[in-house]
Each structure stands twice: as structure tokens, then as C-alpha cells.
Amino acid sequence: MAEKEPTIADAPGGAVAALVAQFAGPDELVEAASQVRDAGYRYWDTHTPYPIHGMDRAMGIRPTVLPWMVLAGGVAGAAAALLMQWWMNAVDYPYIISGKPLFSLPAFIPVTFELIVLFSALTAFVGVLALNQLPQLWHPVFQSRRFARATSDGFFLSIEARDPKFEESRAAELLQSAGAVAIDVCRMPATGREVPTGVYWGVATLAILAILPPLGVAWYRSGAKKLPRIHPILDMDAQPKYRAQAFNPLFPGGMASRPAVPGTIAQGEMDENTALYLGKLGEQWVDEFPVPVSMEAVQRGRERFNIYCAPCHGLTGEGDGMVSQRATRRAEPNWVPPLSLHAEPVRVQPVGQLYNTVTNGIRTMPPYASQISVEDRWAIVLYVKALQRSQHATLDDVPEEMREKLR
Amino acid sequence: MMRPTATLRIHDDHVTLAALGARAFPLLAGIGLAALALAAVLGAVRGDGFSYFFHSYLTNYCFVLSIALGALFFVLIQHATRAGWSVAVRRISEILAANVSVLLVLFLPVLAPVLLGSHALYEWTSPAAVAGDHLLEHKSPYLNVPFFGIRCVFYFAVWWLITRFFLRRSVQQDHSGDASLTLSMERFSGPALLLFAVTVTFAAFDWLMSLEPRWFSTIYGIYYFSGAILAGVAAIVLAAAALQASGRLTMSVTAEHYHDLGKLLFGFVIFWGYIAFSQYMLIWYANIPEETVYYLARQTNGWAGVSLALAFGHLLVPFVGLLPRSMKRRKGVLAFWCVWLLVFHWLDMYWLVMPNYSPDAGPPFGLIDVALLVGLVCLYLASAVRVAGGEALVPIKDPRLGESLALENF
């Protein structure tokens, strides 16, 4: 095939932009590529329907820098992730999570891993486009009509006129001697290369539309507005019912909420036994436990005390729990340190009063009625009494047979 | 892309073990048996009721087993993806996988004591330990001796069937050249992968995780698998390199195949790190005593050094080492990394098993470990040599062989 004189097609137009040569098959193209490489051209390329083994070598293409770019992207991702997490978690908003250190590497690995992958992938994507000078909407070789076959069954080699060595006749000669079956001369067209004005209008319209939502958000956020905020998705926010404090003309006084009938008792709140539920008989604190006193109850009380009370009061009730220590160290302005449970004013309190304190709280101590059941509150009081006894014991409290050891 | 010149290359290549197999088999079998006998004597001399022997045996057995399972996974995944590039090394992996009968015999020193009522290895086999222990009582419908034995039989039966199926079909094709055999192997590879996943997961639960019967980790099976595939691919590379050094397969296996195997190694190095860290981080974060006990034992009493050695030697160092393209394309360099990975994979098995033997006294090591490693590896290789027999070491009539021989990485 190479013996046959190739056809040279030259369409009218401006200056020569490129030569496009077609070759019979992949092997011929690889051979031609090595000849063009040896001739010292720089701006040239081959175009084939599928990748051809050995073409990189024939064209003298050096290994790509893309892997290094991806590596740099990955390292940048790792640095960005660690810096971000360090800044957010350890500096800008220090917050202890699960008792871990503020800068806790194992917890930061997943986000770091994801950002390494994200940065590497984006670098690879953008890098491939940039290194290949894509997207490129128009190229002189598109002037060649047969070039369309490069995506089905044609094997092409193009040399661009911007190459410093380019000289039309010598380049064509080279391609001919390399075995081209056809050569097209591609010229710069006089017109038709401008982007249609419609594209500019379309881009401008899209840009304006894209600005509207952030502008709307900025307007709504820039101070108080009288209108209710826009609520595109209602979910269950608006329901046909009256809320507390709402107006309803049906009822006297316009109150939508109905007061409970006097004497109503909610389920499970029938607490007639005031000694048990309030720690009181009349106006007097009870001094006897209204629940059975047993070793099991003391053990239960100790367990509950260590869970609910010890964080502030300390395991021995001295008032040296972790929360109290930290608040004192930080000089929290509203912190009232708990009294030692062994202090005189606490020790003389009747059990009913201790129970009342657990139930309703005192000073900065919150009420625990909602968290600890009645029986457990009494068990805690029982354990507190045992703790107090432990710090003010006399020799009479020690069993006979063990007294000798204490001396 | 198939090129006629490439398919012809195989006819000039030296593709059978031939006399080498006949010489190697008695040597490997002899060394293996002698080393195992030495290990048994050393184990008896210790006078600890063979406790150290059993733990070390399990370590080394799981190491050798993982090579076979990794090679099996390699075969299955090539068929499942209809891969063409790997055909030149697929027979090697088929042979490395198809040693289940010897592996079953070698498993008896672990299984027989359990069946005969020894509690040296597994605490849950002892009724006295289970009684009154709520967790062990709760697990006893699964963790009991008869069911343990049944499961072991099931695992080996599945592995025997799968490895035999793929090796026999493949060898049959060498003689008949029937392309429909390839299709039947592709069809079975999907179900075989499912069976593989189930058996490897539960085998790892039964043989390794139940060493600490109160502890649990649902990712444990994948952890063992991730090390196994590394060991399997590393063994394939080393086997190919060794065969080439002996003048075989010199034209069939090229730098392109080593490059692709190296990519798999690199990928599974990260996979192992991903799985190992996933297991670690969840347990570290939740900080629940019944879970952290596993890592506590591996961070105290001298075990922290082994754990750190794994983090660096099993993940970070080979990650950097296998990253450059040139490392994967040079046979000698890649073989170095394969040996490296096998060493650290062995350390990984050691790290899984041995803290149960000496949680307080630190990492133990002795001649007995070396003897068991040498013994089990030699017997395994002897079996592989016997399996290879006089057949070709490349599937010479595989329809995709030409594609594999013409492989080129861009």
C-alpha cells in the first residue's frame, strides 16, 4: 500500500494549521511514528480507535508526571484533614468526646483517609484533563473529513504548523515516505471559529440564576424579618391541633388548654404514703426508713451512689468528685461545691430530709426524681448513712473479735 | 490483544517440573517430617502438657493454610472476572491451592486433642471453665466440641471440592483444549466465592478467635482473609520466580505479570491495614472492657513491640516500598517484598495466637517455632510438588493464554 502515491487533499481556507496523514493499520502507524519522532518534531500526535502497544515508545513519550501530582494531592489531603481536625477539635472548639484527648490520632484517621482519597482522585481527574489540554472544543485536524474515522477504523498521524520545525512540503514528504495512504492539509478557517453569541447569553443567564439562592439566603439572614421564614417542606410542623397557650374561643377565657379536674392523679403517681414518697409525715421529716433496711439495699445504694452521686460528691462523700474538682480548678462562677456528707449539718439531718434533697435537689444540685426510682433513692440515703457512720465510728461498732487488731 | 507470535512462544518454553519434582519431593517430605518430629520432642521436653507446642503449631498451621486459601481466592477471582492477564500464573496458584488433603492431615494435631478432650488450646472445650461463666454458657450452643468437629469437616470438604474442581478442569483443558471448560469454571466461580467467604470466615472464628472465647469481633474473618490473600499472591510470585530461576517458564511469565501481581499485593497491603484499623478503631473508641481486653493483652507485657512491628512492617513500610512502578516490575525486588510480607504475615499469625499462651511473660520464641514452620512449609511444598506432577505449569490450551502472554502494562 505504501508504494501507491498518497492523495493530498487541500481545502481552501487560511494559513496551513496541520497535516493529517492516514495509515493503513496499526503496525504502519507505529513505524511512521518512530520516523516522525526521529525527525525531531514536537507538536504532533497519533490518533487510533484503540490503544496500541508500543506506541508510547515509538512516539518517544516520556513517563507522565501524573503519579507525582496524585502523590502530592494525597499528601495535601492528609495534611489538610489533620490540620482541619486539629484546628476544629483541639483549638477552635475544644470538646472532650468519649474521654479521648483533644487531638486524638486514631479518631482522625478515617477523615484523613477519605480526604487523601478525595484529593488524590480530584488531582488525577483534573490532572488528566490539564495534561491533555482538555476540554478542547475545536482543533485544526477536525477540518479533515476522513479524520472522523479515527474513532472507528482509521489510523492517523497529525503534525501541527505551530511546530518550530514545520514546513509544509518537508512534512508532507516525510509523511509520504513514512507510508501514508492519504494526507489532508488542514487550514485555519476564515470564519466559524467564534463561539456563538447564544452561548455567552446562556452562560450569563445560568450565572445570574445561580446567584439568586445565595442572595436570598443572605437577605433572609441579614437581620430580623417580619414575615415568617420560608418553609418549603412542612413535614409534621403544621398540624390541626391547639398548642399550649393557644387561643380557642370555644372555652371561657379563650384558653385552648384545659386545666385538670381537681383531684386528678396521673397514672403511677398515687403517692398517699408521704413518708415513702416525700420523706415527710405532716410537716416533720421522717427519721425511720420507710423501706426495709438490708445488706442488699446498702449494696444497691452504693452502686447507685457511685453512678449518680460520686461524680460530684466523691466516692467517699467528701465532696471531691471529678466534676467538683474540675469546676473548682476552673473557678466556675456559678459553682457551689457540695458539702461534705460527713459535715455536722448533713450528719444531723433526718433520713427524710436527705431523701428530699436527692428527690428535689438543693442549691446547684439538680433534682434526681426523674432519674432514680423511689426505692433506689432510699437505698442511696441508706448508703449515705452507712458512709457517715464509717467516718464517725466508735470502737463499739467493731465486732468483738476484731477489736484486738485495731489496737 | 492477541498476537500470533505470542501464542507460539509457549511451545519453546520449559513448562513442566519433570525431574525436579522427583528430586524435590523426597527431600521436602523428609525435611518436613524430621522437623515436625524435632518439634514434637521439643514440645514434650517443655513439660507444659504440649501447651506451647499446640499454640505454636496453630500459628504455623494458620500461616501455611492462609497461603493455600489466598491462592485459591486468586484462582476464583480470575475466573469470576474473566481475567486474561493472569492465565500465565494461574496454574501455579491452582497447584498452591489444591493441597487440601495434606492440610487436613496436618490439621489433625489441632483437631484430635480437642476431640479427645484436651483443653490445652481452647478454653471453651473445658466444661469446668464454661460452667458459671455467663458468656461461655451463652455461646455453648455454637462453641462445643461435636459441632466444632462437624464444622471442620465441612470447611475441608468445601475447600477440597473447590480446589479439585478448578485444578482438574484446568488440567483437563491442557489435554483437550475444550473452551467450554473455561465457561464451566467461570460459572462455578461465583458460588465458589460465596462458599469460600463463608468457610474462611467461620474457620477463622473457630480456630483463632475462639482462643479468646469471651471476646468477639465480626470483622475477624475478613482480617484473616486479608492476610491470606497477601500470603497467597506473595507465594505465587515467589513460586514463579523460583521456577524461572530453575529455567522454567522463562518465556511465559514476564515483568508485566510481576507488575500486575505487585499491584495486587500493594492493594491488599492497604486492604489489610484498612481492616486491621477498622477493627482497632471501633474497639478503641467504644472503650468497652469486654472488647478492649483483646488489644490490652497486645499492648502490655512486651506485646506492644509486636503490635507496632505489624503496623510498620505489615502496612507502612511495604506501602511505601511497593508504591513505585519499578519495584513491582523487577523480579528480584518484588521477590524481596514477597518474602518481607510473608515474614510479617507470619508475625501477624503469631500475634493472633501467642498472646493467649503468654499474656504476662511477653512474646515467646524458640527453636520449636522454627522447627514447626520449616516442617509445615516443607510438607506443604512437598504436597504441591506432588500435585503439580508432570503436568504443565501453565494452562497451555487456555483460550486466553495468548492475551496473557501478550500482556503489556501502559
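**A close look at one alanine**

Reply: A:Ala331 is exposed, with a relative accessible area of 57% (buried is under 20%, exposed is over 50% and partly exposed is in between, using a 1.4 Å probe and protein chains only). This is a predicted model, where local features need pLDDT of at least 70, side-chain atom pairs need 80 or more, and totals for chains, interfaces and linings use all residues. Residues count from 1 along each chain as written, chains are lettered from A and ligands numbered from 1 in written order, and side-chain values use heavy atoms, without hydrogens or water.

Back to A:Ala331: its phi is near 50°, positive even though the residue isn't glycine. You'll find A:Ala331 in the loop between helix H9 (322-329) and helix H10 (344-347) of chain A; helices are DSSP runs (H or I) of at least four residues and strands (E) of at least two, numbered from the N terminus. Most residues other than glycine have a negative phi, and most peptide bonds are trans.

Chain B has a positive phi too, about 50° at B:Ala18. B:Ala18 sits in the loop between helix H1 (4-9) and helix H2 (19-46) of chain B, and is partly exposed at 45%.

For a cis bond, look from A:Leu134 to A:Pro135, where omega is near -5°. A:Pro135 belongs to the loop between H4 and strand S4 (155-160) of chain A.

Where the chains touch, 15 residues of chain A and 12 of chain B are in contact (heavy atoms within 4.5 Å).
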